[in-house]
Amino acid sequence: MASDGTRTFLLFLAVLNLSNLVAGSYPTTLRDNYYQTSCPTAEAVVKKVLTDHFNGVQFGLIAATGIIRLAFHDCHVDGCDASVLLDGPNTEKKAEHNGFLQPTSLDLIDKAKAKLEKVCPGVVSCADIIAYAARDSVVAAGGGSFKVEGGRKDGRVSIASHAQSQLPTGDMTVDALTANFKRKGLTRDQMVILSGSHTFAAGHCHNLVKRLYNFRGTGKTDPSIPPAFAAQLKSFCPKKTFNDTIIFSLDQVDPLSFESGYYKALQQHLGVFTSDQSLYDDTRTRPLVNQLTSNPLFQKKFGDAMRAMGRVGVKTGSNGEIRKNCRHVNPKA
């Protein structure tokens, strides 16, 4: 019969093993400066590809919004494994929730990968490129920098229905958002902080029409929207002629830079989506929203939350691969 000490040790191992299975548990293979030896210029190569585009193309910084969004949509669906990049008839790209992924942002990831394959073939994963590119996009838009861990492998599976069921939507309440992020191993506070990426993001009429014209099935406008703001939103998205090519800023205070204006907009009841405004209207999350109107605090907490998100569902070892082309899994040997 096992001794008390042995039973305690075995119980400890069981708990440890269970904790490692939870989405978002810390993968020990991730670390800062991961490519310091194997590909020392990895992060610099990614940054240069993005900077050249941001500075060299008219309205080039628009691609930064798409790359930041790409990082969220990758990590939130079966983990940070670049599955969102895979092409195919039933991949995550084909999900309705991913209908507005920016082609230019995807092309920039491809370009960075191609350059890295010339410098360090078979070394840098597409998943890590997304993570580095998201950080560099935040900085290019005026946000604070933060360290990004590397060591993710690329996934081999991408399923549209997973994106459809796992990504949060614009009509979610705080309870629904909290439950959604909890399934990824992220806290309610981290959900509020990561929502701050909407300070430099665009919305589409498709995601707003229910709030404007059929809120909660009433056939009316969400009564919590100030009348003047509702009229403004309806001018962007007329009921009878709504056009999904029209985009509008999710930060109604300072939409041109990555800063804390998003939270100030929520204080003024100018949140575009229900999921945005509910962060202020719900008394459980309002105190943090008020705190995050401090830009230095927001920048610090956002970087920390991005690091936490970057650990969600990471593939390591034989569970993943280093793709040669980010749009396709490697051919079988």
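This is a predicted model: local features need pLDDT of at least 70, side-chain atom pairs count only at pLDDT 80 or more; totals for chains, interfaces and linings use all residues.
Reader: Before anything else, what is a disulfide here?
Author: A disulfide is a pair of cysteine sulfur atoms within 2.5 Å.

Reader: Where do Cys-205 and Cys-237 sit in the chain?
Author: Cys-205 is in the loop between strand E1 (202-204) and helix H9 (209-213), and Cys-237 is in the loop between helix H10 (227-236) and strand E2 (247-249). The two are 32 residues apart, and the pair links distant parts of the chain.

Reader: Is that disulfide left-handed or right-handed?
Author: The torsion about the S-S bond of Cys-205 and Cys-237 is about -85 degrees, so the disulfide is left-handed.

Reader: And is Cys-205 buried or exposed?
Author: Cys-205 is buried, at a relative accessible area of 0%. Cys-237 is buried as well, at 1%.

Reader: How many disulfides are there by this rule?
Author: The count is four. Among them is the disulfide between Cys-126 and Cys-326, with an S to S distance of 2.1 Å. Cys-126 lies in helix H5 (residues 126-140) and Cys-326 in the segment after helix H14 (295-309), so this pair ties together parts that are 200 residues apart in sequence.

Reader: Switching to Cys-75, which residue is joined to it?
Author: Cys-75 is joined to Cys-80, with an S to S distance of 2.0 Å. The torsion about their S-S bond is about 120 degrees, so that disulfide is right-handed.

Reader: What pattern do the disulfides follow?
Author: Counting bonded cysteines along the chain, the pattern is 1-4, 2-3, 5-8, 6-7.

Terms used: Residues are numbered from 1 along each chain as its sequence is written. Side-chain values use heavy atoms; hydrogens and water are left out. Helices (H or I, at least four residues) and strands (E, at least two) are DSSP runs, numbered from the N terminus. Buried means under 20% relative accessible area, exposed over 50%, partly exposed in between (1.4 Å probe, protein chains only).
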